[in-house]
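Me: I would like to learn how to read several features of a model, one at a time. Could you take me through them, giving the general idea and then the case at hand?

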2 protein chains.
Amino acid sequence: MARYLPTGGPSLTTNPDLAKERSKATFDPTKITNLFDGSREATARRQKLAALIRNDPTGIFSNEENAYLHRTDRHVRALAKHVRLIELCRSIGIGQDTNGEIVLDKDWFNLLAAVADDLPTSLHWVMFVPNLISLCDEEQQSRWLPMCRDWKMIGCYAQTELGHGSNVRALETTATFKKESEGGMKGGSWVINSPTLTSIKFWPGCLGRTCNHAMVIARLIDGDGKDHGMHNFLVQTRSLDDHTLMPGVTCGDIGPKIGYNNMDNGFAKFENVEIPRRNMAMRFASVDEQGVYEKKVVSDAAAKISYITMMQVRSLIVMEAGRALRMGTTIAIRYSAVRKQGFKSSKTMEENQILDYKQQQHRLLPLLAASYCFFFTGKKVLNDLKAIENRLMNLKDGEATITKTEVGDIHATTSSLKSFTTTITADGLEDLRKSCGGHGFLQSSGFPELITSYLQNPTVEGDNQMLPMQVIKILLKLVKDVQSGNIEDWKKTDCSYLLSPVGAMLNGEEAKPCSVDSKEAMKKTDVIRDAFQHRAASLLVSVAQQIQTDVMEGKKFEDAWNGALIQMGRVSRAHAAFLLFNNFISGIEAEEGKLIGENESTVLTDLALLLGFYWIEKDIGDFLEDSYFNAEQAAWARACTLEMMDTIRPNAVSLVDANDFSDFQLKSALGRYDGNVYPAILEASKKDPLNATEPGPGYEQHLKRLIVDGAGIYSGTSSRL
Amino acid sequence: MARYLPTGGPSLTTNPDLAKERSKATFDPTKITNLFDGSREATARRQKLAALIRNDPTGIFSNEENAYLHRTDRHVRALAKHVRLIELCRSIGIGQDTNGEIVLDKDWFNLLAAVADDLPTSLHWVMFVPNLISLCDEEQQSRWLPMCRDWKMIGCYAQTELGHGSNVRALETTATFKKESEGGMKGGSWVINSPTLTSIKFWPGCLGRTCNHAMVIARLIDGDGKDHGMHNFLVQTRSLDDHTLMPGVTCGDIGPKIGYNNMDNGFAKFENVEIPRRNMAMRFASVDEQGVYEKKVVSDAAAKISYITMMQVRSLIVMEAGRALRMGTTIAIRYSAVRKQGFKSSKTMEENQILDYKQQQHRLLPLLAASYCFFFTGKKVLNDLKAIENRLMNLKDGEATITKTEVGDIHATTSSLKSFTTTITADGLEDLRKSCGGHGFLQSSGFPELITSYLQNPTVEGDNQMLPMQVIKILLKLVKDVQSGNIEDWKKTDCSYLLSPVGAMLNGEEAKPCSVDSKEAMKKTDVIRDAFQHRAASLLVSVAQQIQTDVMEGKKFEDAWNGALIQMGRVSRAHAAFLLFNNFISGIEAEEGKLIGENESTVLTDLALLLGFYWIEKDIGDFLEDSYFNAEQAAWARACTLEMMDTIRPNAVSLVDANDFSDFQLKSALGRYDGNVYPAILEASKKDPLNATEPGPGYEQHLKRLIVDGAGIYSGTSSRL
């Protein structure tokens, strides 16, 4: 497998500790790499694309200066990278098919990943264009998509407002119809307004400085002054000729953030901004020249395809959580193999590898396992959704689409997975950073940027604290359907594992506790799967009963619901844990004999076992409280965690090597493939502009006044406060 | 109580929701403020000092531009603030007593807190000078302290090296004696060297650009070439005249970090740097002109005072953890009272205050309680240490100093507290940030800087993952002493609560489970205290037994120890939880009738109860596994958490108001006292330099090439990859 050593850095051989780690692997990392990519050919192609970026003759893609630039300069340079990327894509036909249509393919995502820097304009491709396709009618698409493809039109999706986040119904921006006869444009127009301070659009990515169009969500007021709720309007914000603001539009960047600062998230205020009537996205509803509003009859399948497309973003988030964790564990595990601390004994100067300490393994290896686990679930959900989409698109006359239950299941599954995986990843990346000790604090460790860019994920696309409510709404429906024996539709869903235990519990059957009678007997994936299944069902039933009891005892439903919110979070996590573990196991089974062999399958199953026991250990109270586990079993689970760490330890470095991140992508002095971390740290230090002059930039004007001139030095005559 | 509204911002009245919250308080926030400060007078004085900074005519202390400046500019401006601060201090006699001696008093800390920005040079005062006092003999002090006071000598403490962190014995820097007769200075000299790349000093604060002296820890090689291990040497790094580097010294800043970027943490390489013999810190050992090494006889009391002084830093860290959390909860709770999301019902447009959602309360209120809790323990530990220090300083002939057991206890207590409180605070601040939704991502929320500056704390002064080992070493000694009946010395310590339960467990007595038989009976601080006491003892005994069993079964001690590391972390946390809870309760009791009355005492006890139940709920498995709690009691504990949140909810805003942080200090658009968050956010956005030009700074050079010139636009003839 080709490795990408940094060029220009000190040329050294590989750190001997890392080399030794690699020699211990019991499996072939290349096979795992192929598994992540999808095939051997896909790996080769990804590497080819990555080389294209890394070796681009303009040198514009270098990330070497990232940490030293002022935000403004980073933003400007990110735009330069973007333009160069489009140029490259055009020259090799990526991102558009042979007819010049826009394609969001794997190549394109691989190129973006190879750039390894946030590009403000990627949202145009990933969010704006798909949104335009799903919301606009064919005539609109035929006018606007070619402009998008040619990057004449650069767009953003403008939903959230300064005072309003995920509660779409509360948005305040208005689009009021104006007939031609009342002074509107030919055929009528929309007048867009931000009536209050809190209605100012706030947060949309690239709205501030980069885009020239925004798909604005606004309250539609028809020709008769009637409010029809939220609809989408394509508003031109800047001139296509010189990028100046259109009349009535004020917009700008929302200012520096904890991370993701290449991106110009923006604000926009609209004051009587007039746009043509046909700039309302008209696939699902329309307004005629007289301002008469009409809902369009759209086939059930078409509406559901649109929904399925949205859910695909969620599965990408799960995949991306795994990928971010894989980057983090690559850095932390390699560095923990190189870094030494603490003498092996009082008689020697030989120090231990940090990776040999159990509490360090306890931080790193479960996250390593999670990084692999998320991949399998991300892949499964994406495949499932694609299959549904294909089926809907090729539906024959009379064939049923998918049921409301199935749609609910997708919603519950993706919501709980999004919330669970992004929480683990955000917290996990920070803990991986901490596991690197002081040097993890350095930007050159790669962690600060990795973490702070990631931190948006627990909040966007459904706040992780709010999503569990939606999960529970659907799972409570399942409980109700089990009660009424209406379970056919559920059998086809990811939630089907809940049917039998929930049924038994509702019938008042005594739950069977775990029957395992030795530590060795515990070390089976089935034991863990059963435990997670039981827990999810048990917590779900108890929330259902709690709400029911509260209401029966006279509480208002809203209060009963509110009182159960914390427990809903537990149910949602339990549901996600079952799905993730189950998909991990079945994913490994499905791949053995294809891209991976028995050796790889064994190692992956070791990771699954570790993850299972670690999650049990973390939430052991869930299993003890209803006596599903007894104290002895709890102790065995803990012991199994320790033993699985011993089993995985020799493969740890090779398991992160299998991720096949280049040094160019990792941007980390600590996570280098060759393990020569200390020269790299020092090299990075020296580049700080603070070191450009000698003495430093604060001396002449300030420090000198203190040291040499003795600013206000104590004379014994000062007046004490 | 005087409040500090920002000047220059939009002038608005207080947000009505916040005003309503304040009207609901059942206690007097001012009394709590006085409690935090120590007295009513102390509050007044702190406010007076804060006003001095805020209203300084130079305007240099403004933090308005923090988020928009490049790192270099922030560092330079921090130096300017520092020089001005010293000037101010000199003019009002703060930081030095009437004889001009250096004083590290409350005034000085309050001024630093009022500045509300990291000053690179604060370490000179807080760390370098106290270190010099504790390590140098009187003659050395008389030469160097006046230079420190006058800021001629600006120093740092240079211990860690590029390849070596907390394992002091592994440091590689050398100080080799050179006799006058061999070409050394008059009376002999030391030659300081960094023999390897990994030996380069790395991390010391203000070593890079600001200081001109460093107290360097190096391996002492005497006149005969014998290695005497680590000692301290005062090395001049820069000229006092023009700040240029001294011969043989290379140093610079270590580069950008995740936070704390005002500070020039530095690296330094020494190549045959020669310093006078008497620049070795000679309080505890000396070397004569012939290079002969001699350990000095220092009184036991003197050695112990030096140790106690070091431990005081740890208690300050606990105090500081509380203070950082208090800042975080102030921002998050005020904003949660102002921010609305989700309709009250489907029939109204009225939205809920975020603060009314139970899962939001579950994030905010336990951290509010912890922020108060840490204060009481920080204060207690600091007072205890001060009392010991005083006793040692005024020791009469023949009086005993303190026992090894007492020293061990202090070490175990401060280590477990440091690790526990800084972990909760670092994680808690990030969760508070997340609880603010998208706007918490903005620098203008105040969170990014608060968090990233804080993040060093889990790592410095003993890594949080390593400290538990030290705690356990001492607690295992306690177990051994209980076994041998040697417990007299322990009775005087903070660990004394462990003696009786550990004794009973070692005797094989069946532990008495919690006897509470109703939810109401559970709501007592004694119930929680007993539970925490039992848990700490139980986990401790089980670790002791696990190590013993492993060794008896043939494991090497090192491996048995390593295998118990994860469980040691649990013991250390359990120990800290008991101490913190216990000190919280006894602290409240001790204050009632002094600075606070019954109303305040009730509210504080509510916080203690919430914290106790929350911690039990989080680790419920600890209490279920050995059947200390049964399932019913576990459910009651969870119900009590909910009920205590209801009780505290009306006082939430007033409890953060009591912290009395000014808007100048909070630096947060979300946490403003007047609650006018949305105008403040927008105001902050507009200041970003990205918004200085129209169109933005990336257009002419880059975006235009894409939009107008069509960079490499698809012509249908490209060669596909």
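Me: Where in chain A does Pro695(A) lie?

Reply: Helices (H or I, at least four residues) and strands (E, at least two) are DSSP runs, numbered from the N terminus. In those terms, Pro695(A) sits in the loop between α23 (677-686) and α24 (699-707) of chain A, and the peptide bond joining Glu694(A) to Pro695(A) is cis, with omega about -5°. In chain B, the bond from Glu694(B) to Pro695(B) is likewise cis, with omega near -5°, and Pro695(B) is placed in the loop between α23 (677-686) and α24 (699-707) of that chain.

Me: Before we go on, what kind of model is this, and how are its parts counted?

Reply: This is a predicted model, in which local features need pLDDT of at least 70 and side-chain atom pairs count only at pLDDT 80 or more, while totals for chains, interfaces and linings use all residues. Residues are numbered from 1 along each chain as its sequence is written, chains are lettered from A and ligands numbered from 1 in the order in which they are written, and side-chain values use heavy atoms, with hydrogens and water left out.

Me: How are the two copies of the chain related?

Reply: Two copies of a chain are related by a rotation about an axis and a shift along it. Here, with superposition by least squares on the C-alpha atoms of residues with pLDDT of at least 70 in both copies, chain A can be laid on chain B by a turn of 180° and a shift of 0.0 Å along the axis, with an RMSD of 0.0 Å. That is the relation of a two-fold axis, and in chain A the C-alpha nearest this axis belongs to Gly621(A), 1.9 Å from it. Taking contact as heavy atoms within 4.5 Å, 99% of the interface residues of chain A are also interface residues in chain B, so the copies meet through the same surface.

Me: Which residues does UniProt list for "binding site"?

Reply: The unreviewed UniProt entry lists Thr160(A) and Gly205(A); UniProt positions are given in the numbering used here, feature names are shortened, and annotations may be inferred rather than shown by experiment. The two residues span 46 residues in sequence, yet no two of their C-alpha atoms are more than 10.7 Å apart, so they gather at one spot.

Me: Is each of them buried or partly exposed?

Reply: Buried means under 20% relative accessible area, exposed over 50%, and partly exposed in between (1.4 Å probe, protein chains only). Thr160(A), in the loop between β1 (155-158) and β2 (174-178) of chain A, is partly exposed at 23% relative accessibility. Gly205(A), in the loop between β4 (201-202) and β5 (213-221) of chain A, is buried, with a relative accessible area of 11%.

Me: What is Thr160(A) in contact with, leaving aside its neighbours within four places in sequence?

Reply: With those neighbours set aside, the contacts of Thr160(A) include Gly165(A), Lys201(A) and Trp203(A). For Gly205(A), with the same exclusion, they include Leu123(A), Cys156(A) and Asp264(A).

Me: Which residues have a positive phi although they are not glycine?

Reply: Among them is Ala116(B), with phi of about 55°, which is found in the loop between α5 (106-115) and α6 (122-135) of chain B and is buried at 14% relative accessible area. Another is Ser627(B), with phi near 60°, which lies in the loop between α19 (620-625) and α20 (631-648) of chain B and is partly exposed at 48%.
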